[in-house]
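User: Hi! I am new to reading protein structures and would like to go through this one with you. Could we take it one question at a time?

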Amino acid sequence: MKHNKLHDFLLVAPGYLIYTIFMIIPLGMCFFYSFTNWDGISKNYKMIGLKNFLRLFADADFYNALKVTLIITVITVLIYNVLGVLLAVLLNRKSRACAFAKSAVFVPTVLSSVVVAFIWSYIMQTDGGVINTVLGVFGIAPYDFYATPLRTIVMISVIIAWNGLGLFLVIYVATLNTIPTELMEAAEVDGASGVQRFFKITLPLMMPGITINSILSMAGGLKQYDHVKVITGGGPGGATQTITLLSVEKAFEYNRRGYSSAIILVLFVMIVIVSAIQLSITKRREVKY
Amino acid sequence: MSVKRNRLLRTGLGNCLAVLFALIYLFPLYIAVSNSFKSYGDILKSPLALPTRPTLDNFVEAFHASNIASLYATSLLITVSSVALLILISSCAAYVIIRRNNKICKFLYAYALIGIMVPPVVTLVPSIKTLSMLHLMYKPTGLLMFYGGAYFSTTIFLYTGFINSIPVSLDESAYIDGASTIGIFFKIIFPLLKPCTATAVILMGMWIWNDFLNPMYILGSTSGRTITTGIYNAIGAYTSQWNLVFANVILASFPIVVLYLCMQKQFMSGLTAGAVKG
């Protein structure tokens, strides 16, 4: 079979052209700008070496954004993976009720984060919000979710998890279905209890799913933007700002594109490192049968 | 006997708990839907109850005030054109790089996967520079190109995996019948990629329809906003008129939720397959 070189070129070229101009070059520019003091407008800028990074590591706003991002990441990763595995195991039965529950958890994943954030900001209001109305029925004093930045961040993390849990559940259910039923039956015959079966058989065999989901949930948590932007806008006074929010603000409101690129580059490196570590740890724990 | 009854009781209880859990999980959506049919006063009086005097006023007002029709049009235009572009450029590129066994194609494959770990926010700021140099800023075409670059890796990844499972003998017999390379791809291979294309359509369609940060800065407001940035902007103006907020929210989600309800299975498998990027 002889291939027409021109045809091959015509099939490959448009995609790679767009990809190179709108992904690879901007990626390179992000690296480049992080070593400059470019303001986004003027034609002149200077190479300032590592100054952006040195400034970054002395910037209290950056450390706060890092803290906020890590809190959101830890909470969402825990909810996605612990609740995801538990729900997958509990709902893994052939019944209409379980199928209904699985699709119910999946519905919010198709909604836009902006929509989800608006619905929940009504529910979580201190005055007249749904949660506090329900608490009021039981005679409990209203709970102010905005009293401290930490409370607000925890609340936002739960909202994010509600929005995204469905995807993780579906992946866990799919992994669970790859475990042969004979294994479970054999263990049951041998007298293993439900808890023993879960820890000795189900969990080790779910490792491939856990690998994918932990990488996904960590990367998702680290680049969090939308929900925080809509619910608090990063406030009060930048107290609930994530790294992405900080970098976007620096780029577009303060016109410090160089500095903003340095921030986003740190985030990108974090995502790559986390994924690499995750991959090597969980790969080792995967069990073959 | 008693063991069996015990089991039946347990499954019954389990099912009840599953349904209860599902209802609690969906409760926020119930709040949004039921309150969108209430007047502002009724929401304040009874936020949890079903609407006693259901009204469509909120929808009418939101539809006009937020100019929902034009938001839909912009979002639809951008989503459909971006998805079509991504499918076209990545399916044919994937076909060539996976079928030809040479060094260039191996390199191109690795090169295409560089972008898979890059979140779009990394390329957003520099893309604004590139786009303004090409005079594409604040235009739907600019956003279209941005998505083309941002999600090329993901779609290439989906298609290469799928094309690998199609036997080469199909290409060969078409070749013997005198078909050209482009002919083989569009007449023989592309129709066979339907399941993969369906996954790509759902995945990309949802990401692009729901995207918020990129349209906010790349498209801005000069040539019409998308549905997400549009309602964000509109709701900012009402602050606490929750009846209008909920009407906006419902109108923005309506198309995607209807699509999801019609194609639940495809959505679930599509999103799982695309989990590599997220």
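User: Leaving aside neighbours within four places in sequence, which residues is Leu86(B) in contact with?
Analyst: Good place to begin! Two residues are in contact if their C-beta atoms, placed from the backbone, lie within 7 Å. With neighbours within four places in sequence left aside, the partners of Leu86(B) are Tyr147(B), Gly148(B), Tyr151(B), Phe152(B), Thr155(B), Ala200(B) and Met204(B).

User: How should I read the numbering, and what kind of model is this?
Analyst: Residues count from 1 along each chain as its sequence is written, while chains are lettered from A and ligands numbered from 1 in the order in which they are written. Local features need pLDDT of at least 70, side-chain atom pairs count only at pLDDT 80 or more, and totals for chains, interfaces and linings use all residues, as this is a predicted model.

User: Which residues touch the most other members of the largest nonpolar core?
Analyst: A nonpolar core is a set of buried Ala, Val, Leu, Ile, Met, Phe, Trp, Tyr and Cys residues joined through C-beta atoms within 7 Å. Buried means that 20 or more other C-beta atoms lie within 10 Å of a residue's own, with C-beta atoms placed from the backbone. The core has 158 residues, and those touching the most other members are Phe118(A), Ile119(A), Leu169(A), Leu86(B), Ala93(B), Phe152(B) and Val249(B).

User: How many residues does each chain bring to the contact between chain A and chain B?
Analyst: Both chains take part, with 73 residues from chain B and 72 residues from chain A.

User: Which helix gives the most to the side of chain B that touches chain A?
Analyst: Helices are DSSP runs (H or I, at least four residues), and strands are too (E, at least two), numbered from the N terminus. With 11 residues, the top contributor is helix 1 (residues 2-36) of chain B.

User: How far apart do the C-alpha centres of domain 1 and domain 2 of chain B lie?
Analyst: The bounds, from an automatic or database domain assignment, are 2-60 for domain 1 of chain B and 66-276 for domain 2 of chain B. In contact are 10 residues of domain 1 of chain B and 9 residues of domain 2 of chain B. Their C-alpha centres lie apart by 34 Å.

User: How many helices and strands does chain A have?
Analyst: Along the sequence, the pattern of chain A is α-α-α-α-α-α-α-α-α-α-α-α-α. The counts are 13 helices and 0 strands.

User: What percentage of the residues in chain A is buried?
Analyst: Chain A has 289 residues, and the buried part makes up 45%.

Methods:
Buried ≥ 20, exposed ≤ 12 C-beta atoms within 10 Å, placed from the backbone.
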